[in-house]
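Good morning, everyone, and thank you for making the time.

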Amino acid sequence: MAKTYNYRYESAEGLLNYITSHNLEKADSILVQVFLGQAGKNQADLIRMAIVNALPKAALIGCSTTYAISHHEIINEVPIISFTTFENTNLSTRVFNLETRMDEQAIVEKISKELITEDTKAIIFLFSHLELNFSHLLQKVHELHPGIAFSGGVAADIPNCRDTIVMNEQAGEEKGMAVASLSGKDLIVHSSVNEQWEDIGRPFIVTKASGKTIYEIDHKKPTSIIRKYLGEDFVARLPQSAIQIPFKKGDEALFIYNVLDHGAIQMSHEIERGEEITFAYANIEKLMEESIKDLKRLNKKPVESIFLYNCLGRKNTLSKYISEELEMMSRIAPVCGFFSNGEIGKRRDEPPRLFAHALTYLAFSESPLSIHKDLKFKYEIPSEIKNLSALTHLINSTSEDINQLRVNIERSESYYRSLFDNNNDFVYSTDLNGIFTSVNASFLKTFGQEEEMVIGKSALKWVEPENHALVRRHFHKAVQGKEQYYELLVNTQNAEKVHFQIKNIPITINGKCVGIYGIGKNMTEQKKVQQEISRLSNYDYDTGLPNRSKFNEVLEEMLHRAKKKKRRLAVIFVDIDRFKIINDTLGHYAGDLMLKELAGRLQGALPNGAYLGRFGSDKFTILLTKDIDDESVVESGSKLLNKVQEPFIYKDKEFFVTASIGIAVYPQDGSETEQLMQNADTALNQVKLHGGNNLLFFSNDMNEDALRRVELESQLRRALDNGEFFLVYQPILDVRNRKVTGFEALIRWEHPQKGLVSPADFIPLAEEMGIIIPIGRWVLETASLQLKELERVGYHDLSMSINVSAQQFQDPSFISEIKETIQKTAISPERLHLELTEGVMIDQSDSTLDRLKTLGEIGVNISIDDFGTGYSSLSYIKHLPFHILKIDRSFIMNLSESSPDFAIVKAIMTMGEGLRLQVIAEGVETSDQLLLLESMNCDFAQGYYIAKPMKASELYQWLPENREMKVKI
């Protein structure tokens, strides 16, 4: 059990009698707290020695006080000695001289090592003087031992009256600190801090400070600030008066403990320049309310003794309440303590620190059963306190209103200054006579002037004379209350004439104009941006040529002139043939480079008076305006075709493209822009439908063809879903043994109204429309199933050749579709031949090579279809993994020993043999052609001479009789 006895000291003999009469010498653990009152150092030493002699096992701490607490009494004349006995608590004390060279870290380590154990529950600090720097020390001890309760206080220092000391059982120190620790597994400790400060008045900024000393507040002496707001009498009573109204920084109260010469003040805490402080007052009503709540909470806990550290300022302000508070607290448990110049405590989740105008305590018990019941705590707050609180609230609310007004004014002024000083536009103000009253930095920079050379001068001095009337007119309208905008050419400091937009705003006070604000915005960059926007909206980004919109604008203007002067115009559309293959194979970067070069070529080939534009993608538009007749237009078109056909060099390789040209002539082909453009485009489409690489004038018949084409597009989209496609199969013959080794699958379209539609008509259309991929997927699956069916009826060694478009080959799912088809149909991969055009082979990118390699790994054979008609050089042949060359029919149809085609075909045969590639000749229509191919060692042939393409149902009749072909040699 923790039990406290308080003795009012009269003499050493009386002290010994008190100890004996209460059997204190028999206690194994006893903490003695000595509150010295008016006793000086000598008397303190006598008291200390008397206690040590009588109680050699006792732990002792003590300090100088003005008022001590003995249960519910307040004693100020004689020392009070408090004895607290414990049954299972270990006690340790130390005293430190804080003026010695022992550094703070060494003190912390000594406290941790000698005073604190794992069972330590509380630690008490007593400091001799407020000016001692102990805040960091408390925080460091807490960081090492966060679970310990902290309490204590600062001794009551009475300068020029007596020494102020702290002591333990071994010694006393005048500039020091006494520390006691309480440790025990059964020890129960409760602690509390009751401090209630409220800001009052406006905030101040510390403008000069060092350590705990403030030299300037708002650039003024601290005492002059205090005198202005709290009066001369308050300053005269410093530092004692600061206990009632201290400064406050954040949540901490800052007390003045010394006033230095020249108006500087020393504070209870360190402070830095730039920190914000305010005056503070104790919210007495809230302080009392919290005190009652705390007593009620404490009454519900096990408490046997209470150590109390109360503020001296609190006692002076609330003397009646303090007496009531002590009386209520002593009903819970015996109380001892003193009134301090600063209280040590710790709030939940915060480090310990020095509090002010506060009450802190430690409540102890060694038994969890020591709970008091049926105690009632109530204190009726006096009306004068409530009136004081109301008055304080009024003052504070008024202060907040004034402070908010000040903040608003400062913010408004700050906004204005920021807008004025930091504006990139030049800003100025004038009086009603146009005389400058202010200018910003941008104004001075623009005109290269110093401020003193501008203020007081007429604004017209910086305006060209020819613009004076303009400026005066807008100035007078602004004086009348109307905002004005106008543009002005201004001479800057570099003698450069710059366009500015000027805005004049009337300065109005109480409804009356007293001056003018002017804002000058440099429009140079904005005009550049406008020009750039115009360029981007009217010119193509890649080629720099006029775009479609700009071309139409020029055509509209030229048509207007031509109608007046009755002249002819020619509108030409130029489209690059099969340019999509370039993009799909070489990539869009290469395609863009080619388009830029094409634009330059076309521009260089045009006659005088011609206008070139880019219609979009790979299509260009040309307007011819001078000396227009059919002959000159054809001549210009032919030059364009020749320029396009010149080789392109990309990555050290040559590539070739061709173009299609459509022409419409004003006035016979149309008299309006839209009509001429549409008709030229229609002529272009007719050229492309017939293979491209040509030019064609518009005719009315073309419109009918265009309508048929649109209709065909619509029907083609539904053909696959409607089952209108079917396959035919053309045999492929081994030239040496005259035996059929396989078939080429060819797609046909059975239109429900038109009948058979030629593949030459719908395949290019399907590629343009983007539906060639699903059509190709259908062909792959259908032909593979047919090959499997042939195998089922006994033909195990036949192959199936399937055409693959460039779009289908580049499709990300193409490889997986090949694998799925082989797995689904269970055909041997080597019997599947994929025919790719040379257009696919142009691209030797990693992705293309990877696809070809993967196809080879799967086991399928790869053929190059229509060999010899492509756009690439032949250098790629030795680099790409393929198996068969298929000579285009154009080289076979007129083949004879005397024809030029003979040498070409012979060269291809020789090249195929050298590269170990098999060669197929397609388009064989006569026995002579077949015999010639045999003499050249051609491997395979197909054509009408061998057999026409046939439906699947016809295969089963044809194959048994024609598997081996009988031909006379």
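**Cysteines and rings**

Let me begin with C63, which is buried, its relative accessible area being 0%. Please keep in mind throughout that what we are looking at is a predicted model. Now, how far is the sulfur of C63 from the closest cysteine sulfur? That closest sulfur belongs to C336 and lies 12 Å away, which is too far for a bond, given that a disulfide calls for two cysteine sulfur atoms within 2.5 Å. For the structure as a whole, the number of disulfides is zero.

Let us move on to the aromatic rings, where the structure holds 32 aromatic pairs. In one of them, the ring centres of Y67 and F339 are 6.4 Å apart and the ring planes stand at 90°, so this pair is described as edge-to-face. Where in the chain do Y67 and F339 lie? Y67 is in the loop between β3 (59-63) and β4 (68-70), while F339 is in strand β22 (residues 335-340), so the pair ties together parts that are 272 residues apart in sequence. Are these two residues buried or exposed? Y67 counts as partly exposed because its relative accessibility is 21%, and the cut-off for buried is under 20%, whereas F339, at 0%, is buried.

A second pair joins F725 and W749, whose ring centres are 6.1 Å apart and whose planes meet at 50°, so this pair is tilted. F725 counts as buried at 6% relative accessibility, and W749 counts as buried at 0%.

Rings can also be connected in groups, and here ring pairs link F426, Y428, F436, F443, F447, W462 and F500 into a cluster.

Finally, I would like to show you two places where a lysine meets a ring. The charged end of K208 sits over the ring of Y215, at 5.7 Å from the ring centre, and the charged end of K212 sits over the ring of F134, at 5.9 Å from the centre of that ring.

Methods
Residues are numbered from 1 along each chain as its sequence is written. This is a predicted model: local features need pLDDT of at least 70, side-chain atom pairs count only at pLDDT 80 or more; totals for chains, interfaces and linings use all residues. Side-chain values use heavy atoms; hydrogens and water are left out. Rings of Phe, Tyr and Trp (its six-membered ring) pair if their centres lie within 6.5 Å; planes under 30 degrees apart count as stacked, over 60 as edge-to-face and the rest as tilted. Helices (H or I, at least four residues) and strands (E, at least two) are DSSP runs, numbered from the N terminus. Buried means under 20% relative accessible area, exposed over 50%, partly exposed in between (1.4 Å probe, protein chains only). A charge sits over a ring if NZ of Lys or CZ of Arg is within 6 Å of the ring centre and within 35 degrees of the ring normal.
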